[in-house]
Amino acid sequence: MKFIHTADWHIGALRVKMPEDYLSRSESMIKNIQVMVENKSDGILVIAGDIFHTKFVTEHERLLLLEYLSTFDTLGITTIICNGNHDLIYPKFSTLRWLSVLCDKGKLKNVKVADCKIRKFKVNEFTFFMVPPRFKKDDPRMNASKISKQIKDPNTIVVSHFATQGVKTDNGYNLPKGSRRKFHNALYWALGDIHLSQKVGKTAWYCGSPVQHNWGEKPGKGVLVVDTNRPSRPKFVEIPSKHLITVKGDSKDWPENCHIRVEGDMANKNLPDNVVDFQPVIEQQSNDDTKDVPFINRLQSHLNTLGVDRKDQKRYLKTIKSILQS
Ligand SMILES: [Mn+2]
C-alpha cells in the first residue's frame, strides 16, 4: 500500500504579512498535494497535525479545508488526520472539532479524524494508530518508547505530532540528544511538528512542512511517498510553491516569482511589488561589550538574526534556561 505522508499545513500562516496571497498559497499547496495523492499513492493521505496555524481560524480558511476534504471524499481518497499543537485551543479541544463531528456522524465517509484522542483506524490490512498531542508539552504520551510499548500489531502505522530528541530544525537548531530514541514495533512512524524533513528512526520520519511558512524555513519542501513494502525508504517529493527569499536591502538584484523579505534599512528605496516583509538588522556588539551581555540575551539576538520565529525562540530559550539551571 502506498500513501502520502504530510503534516504542518499551517493554513493561515502569513495571513498578516501577505493578506492578499496567503490563502491562494495554501490552496495551491493543497492542490499540489492532491496531485501527489492521485498520481503517487493508492489514494491515501495522512496528515500528522498542525492543519491550521492559529487558534483563530477564519471562515475562509475553514472553508478551504472543508472544500478540499469533501472533494477528496467524493473522489474516494482516504484522508487520515490527527491534530497538532497549533490546532489546540485548550485541553481536549481543537480547531478540528467541527470536522471530527462531521466525520464521526458519517458525513465524510473517507475522512478519519483523531481529535485530541488516541484512536485506531483500519485501512486495508493496516492499522493507523493516531496519537495526537494533548495540551501539555510534557505529556507522557509524546514519547516514542511509550507509544512503541502499546503496539502489538506489526502492521501498525503510527501518526503523531511531537518533537523528538536530537531532531534538527530549518534554522540549524538541534534539540538535545538525550537517551536514544526508541521508535519500535510499528511498520512506519508518520510524524509531524518539525518542519524540516528527516529520518529519526529506522522507519520513523518527519515529512516536514509542504511549503515554507516563514523566511526562517529553507526552500525545497514537500511530502513523503510511503510504500509499506519498503517502509525504511520513503521517497521525498518536492511540492512546487513560490519561495520565500531574504534579500539584503542594498541588493541590486531583485528575484521575481517569489515573496521577498528585505533585510536592512529600506528608507527611500523603490521596492518591487513582491517585497512583503522587512527585517531590521540587529547591530553587532563589539567583543568587549559582549562579555557584559548575559548569554541568554546574546542567544536571543542570535536567533533573531537567524530569522527564528518568536514562538520558537521562546521555546528554545526555555529549554536552554532549564538546562543551565539543572
Ligand atoms: Mn507545525
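Two strands pair if DSSP finds at least two bridges between them. Helices (H or I, at least four residues) and strands (E, at least two) are DSSP runs, numbered from the N terminus. Residue numbers start from 1 along each chain, as its sequence is written. The model is predicted: local features need pLDDT of at least 70, side-chain atom pairs count only at pLDDT 80 or more, and totals for chains, interfaces and linings use all residues.

**View 1. The pairing of β11 with β12.**
Strand β12 covers residues 204-206 and is antiparallel to β11, with three bridges between the two. Across this pairing, Gln-198 faces Tyr-206 of β12.

**View 2. The open sheet of six strands that contains β11 and β12.**
The strand order is β7-β8-β9-β10-β12-β11, and the pairing in this sheet is mixed. The edges are β7 (119-123) and β11 (198-201); each has a single partner strand, so one side of each has no neighbour in the sheet. Neighbouring strands are turned against each other by 25 degrees on average, direction ignored. For such angles, axes are lines fitted to C-alpha atoms, for helices over the stretch in contact, and angles run from 0 to 180 degrees between N-to-C directions.

**View 3. Strand β1 and its partners β13 and β2.**
Strand β1 spans residues 2-6, and four of its five residues are buried. A residue is buried if 20 or more other C-beta atoms, placed from the backbone, lie within 10 Å of its own, exposed if 12 or fewer, and partly exposed in between. Strand β13 (residues 222-227) is antiparallel to β1, and four bridges join them. Strand β2 (residues 44-48) is instead parallel to β1, with three bridges. Here Thr-6 has Ile-47 of β2 as its bridge partner.

Leu-14 counts as buried because it has 23 C-beta neighbours inside 10 Å. With 22 other C-beta atoms within 10 Å, Cys-116 is buried.

**View 4. The buried residues of helix α3.**
Helix α3 runs over residues 97-104, and Leu-99, Ser-100 and Cys-103 in this helix are buried. Viewed down the axis of α3, these buried residues fall within an arc of 95 degrees, so they line one face of the helix. The arc is that of the directions from the helix axis to the C-beta atoms. Strand β6 (111-114) is included in what covers the buried residues of α3. After α3 comes Gly-106, with a positive phi near 80 degrees.

**View 5. The open parallel sheet of three strands.**
The order of the strands is β15-β16-β17, with parallel pairing. At the edges are β15 (243-248) and β17 (275-279), each of which pairs on one side only. On average, neighbouring strands here are turned by 30 degrees against each other, direction ignored. Strand β16 (residues 258-263) runs parallel to β15 and is joined to it by six bridges. Opposite Val-262 in β16 stands Val-247, and opposite Glu-263 in β16 stands Lys-248. Four bridges connect β16 with β17, also in the parallel sense. Val-262 also stands opposite Phe-278 in β17.

**View 6. The contact between domain 1 and domain 3.**
The protein chain is divided into domain 1 (2-238), domain 2 (242-281) and domain 3 (285-326). These bounds come from an automatic or database domain assignment. The centres of domain 1 and domain 3, taken over C-alpha atoms, are 30 Å apart. Six residues of domain 1 are in contact with five residues of domain 3. On the side of domain 1 that touches domain 3, two residues are nonpolar, four are polar and none is charged. In this division Ala, Val, Leu, Ile, Met, Phe, Trp, Tyr, Cys and Pro count as nonpolar, Asp, Glu, Lys and Arg as charged, and the others, Gly among them, as polar. Contact requires that the C-beta atoms of two residues, placed from the backbone, lie within 7 Å.
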